[in-house]
Amino acid sequence: MKNIKRPVTRIIYLFSLLFLVFILISSCGKGYVDSDNIKFIGQGDDKVAVVTVKGSPYEMGYQLGSTIPGMIKRTIYPYLKIAQVAMSDRFNNENLDKAWESVSPYIKDRFKEELKGVADGSGVSLKTLQRAHMIPVLGDYACSGVAVWGNASEDGHLYQIRNLDFTMHARLQKNPVIVVYLPDEGHAHVLPTFAGYIAAHSGMNDHGIVLSEKGASPKKDYPFDLDGTHFSTLFRDILYDADNLDEALEIVETTKLIKRYRFYIGDGQEQTMGAAKILVSTPDSVKLHVWKGNDPNDEMAPNMVENTIYYTMNNDTCYSHLQENTGTYNAQKMIELSRILGDDGGNLENIVYDATALKLWVAYAENMQEAKYRDYVELDFGACLK
C-alpha cells in the first residue's frame with residue numbers, strides 16, 4: 001500500500017503548490033490595460049472581457065496581448081504547468097514541441113503572425129504560447145453540438161449549441177475572454193475563448209458561419225498521427241475565409257486533418273441557411289463522413305427531426321428535447337437544451353449562437369461549478385461590426 005499512496009500524495013502536493021502559485025498570480029492586479037478596445041458583459045462572477053482587435057494578424061495579436069497581458073499570464077502559465085504535472089508523459093515540453101513541429105507546416109502564416117503578436121504584446125514567450133496551444137492537439141475530450149434552423153426554430157433563424165466539456169482543474173475559466181476580430185483581409189469573426197488561447201474551439205463570422213466540435217479520439221489512439229491540421233486552426237481558417245456552408249465544407253474536405261472529431265457547421269444566412277455534421281476519422285480507411293441537414297443516411301437515423309443536426313453527450317435526451325420542442329426554438333430554449341446536455345464535473349464553457357442575428361450567449365464555469373449552472377451572458381456581434 002505504501003507504493004500506491006506515495007504517488008497519490010505527491011500528486012496532491014504538487015497540485016496544491018500549483019494552486020498556490022495560481023492564486024498568487026491571480027492576485028497581481030486586474031490583468032488588463034484600460035483602453036478603448038476592451039469592454040465587459042455580464043455581472044459579478046459571470047462578467048466576461050470582450051476585446052476588439054483590428055488590422056493585420058500581427059497587429060491584432062499585439063493588441064490582444066498588450067490589452068490583457070496579466071490575464072494571459074495567469075491563464076497560460078498555470079494551464080501549461082498543471083497539464084504537465086497531471087500528465088507529464090504526454091504534455092512534457094519535448095512532446096509539445098514535437099507536436100508543434102508536426103502541425104506547424106499546416107498552419108497558415110497569419111495564425112503564426114498573430115501568435116507572435118500576442119507574445120510580444122503580453123510578454124509571454126512565443127515558445128510558451130506554442131506549447132500551450134498544443135495541449136488540445138495532444139489531448140482527448142468530449143463535448144456536445146446541436147443546430148436547428150428554418151421551421152425547427154421559432155423565428156426561422158439558425159441556432160447552434162457548442163458545449164465545451166474539458167477539464168476545469170486547469171482554471172481556464174478564471175480568465176474568460178471574447179475576442180472580436182476585424183482583420184484587414186478576410187471575414188470579421190468572434191471567438192469566445194480564454195485569455196491567450198487564439199486557436200478556435202468554436203466561433204462565428206460576419207456571414208453567419210458558426211462552428212462547434214466534439215472530440216472523438218479515444219485514449220487507445222494515442223500517440224496520435226499529427227501529420228496534418230488540427231481542428232482548432234482549421235476553424236480559424238473557416239472563420240476567415242468561408243462565405244457560406246458549401247465553402248466551409250470545401251475547406252474541410254480539402255484539408256489534411258488529424259485525429260477523430262465531429263464538426264458542426266451552421267450557416268445562418270437566409271439564402272444559404274442550413275447545417276452539416278462531419279465525422280473526421282483519420283486513423284480509418286474512410287477518413288471523412290459529411291451529413292448535410294436532413295440527410296436520411298445521417299448517423300443518428302432514424303432518430304432525426306427535420307432541420308436539425310446533433311451528436312451530444314446524451315443523444316437520447318437531446319432527441320427527446322428536439323422532438324418535443326421543434327418549431328419553438330429560440331435563444332432561451334437553446335440555452336435550456338445546452339444546460340441539460342452539460343457534462344457533470346467537466347462542463348467548462350457553453351455557447352449558444354443565433355447565426356442569423358449574429359448574436360451569442362456564453363456561460364463559463366465558475367471555480368468548480370459547471371458552466372451549465374451559470375448565467376449565459378449576451379454579446380451582439382452584429383453591433384460590433386457597425
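Start by selecting N367, which sits in the loop between β14 (359–364) and β15 (377–380); strands here are DSSP E runs of at least two residues, helices are H or I runs of at least four, and both are numbered from the N terminus. Before going on, bear in mind that this is a predicted model, where local features need pLDDT of at least 70, side-chain atom pairs count only at pLDDT 80 or more, and totals for chains, interfaces and linings use all residues. Residues are numbered from 1 along each chain as its sequence is written, and side-chain values use heavy atoms, with hydrogens and water left out.

Stay on N367 for a moment. Its relative accessible area is 35%, so it counts as partly exposed (buried is under 20%, exposed over 50%, partly exposed in between, with a 1.4 Å probe and protein chains only). Leaving out residues up to four places away in sequence, N367 touches R171, Q173 and K174 (contact means heavy atoms within 4.5 Å). Now draw a C-alpha distance from N367 to S285: the two are 82 residues apart along the chain and separated by 42 Å.

Next, select R260, in strand β9 (residues 260–267). Buried or exposed? R260 is buried, because its relative accessible area is 14%. Show its side chain together with that of S281, and you'll find a polar contact of 3.0 Å joining them (a pair of N or O atoms within 3.5 Å; within protein, one must be able to donate a hydrogen and the other to accept it, and residues adjacent in sequence count only if both atoms are side-chain atoms). Beyond four places in sequence, the residues that R260 touches include D221, P283 and D284.

How many cavities of 30 Å³ or more does the structure hold? There are four (a cavity is a set of points on a 1 Å grid over the protein atoms alone where a 1.4 Å probe fits but cannot get out, and lining residues have an atom within 4 Å of a point).

For the largest cavity, select Y79, P136, L164, F166 and Y197, which lie nearest its centre among 15 lining residues. About 170 Å³ of space lies inside the largest cavity (the space filled by probe spheres set on points joined across faces, edges and corners). Colour α3 (69–86), β4 (156–165) and α8 (231–241), each of which supplies at least two lining residues; α3 gives the largest share, three.

Last stop: the second largest cavity, with about 60 Å³ of space. Its lining includes Y106, F111, R236 and Y240, and α8 gives the largest share, four residues.

Terms used:
1 Å grid on protein atoms, 1.4 Å probe; cavity = no way out; pocket = protein on both sides within 12 Å on 5 of 7 lines; lining within 4 Å.
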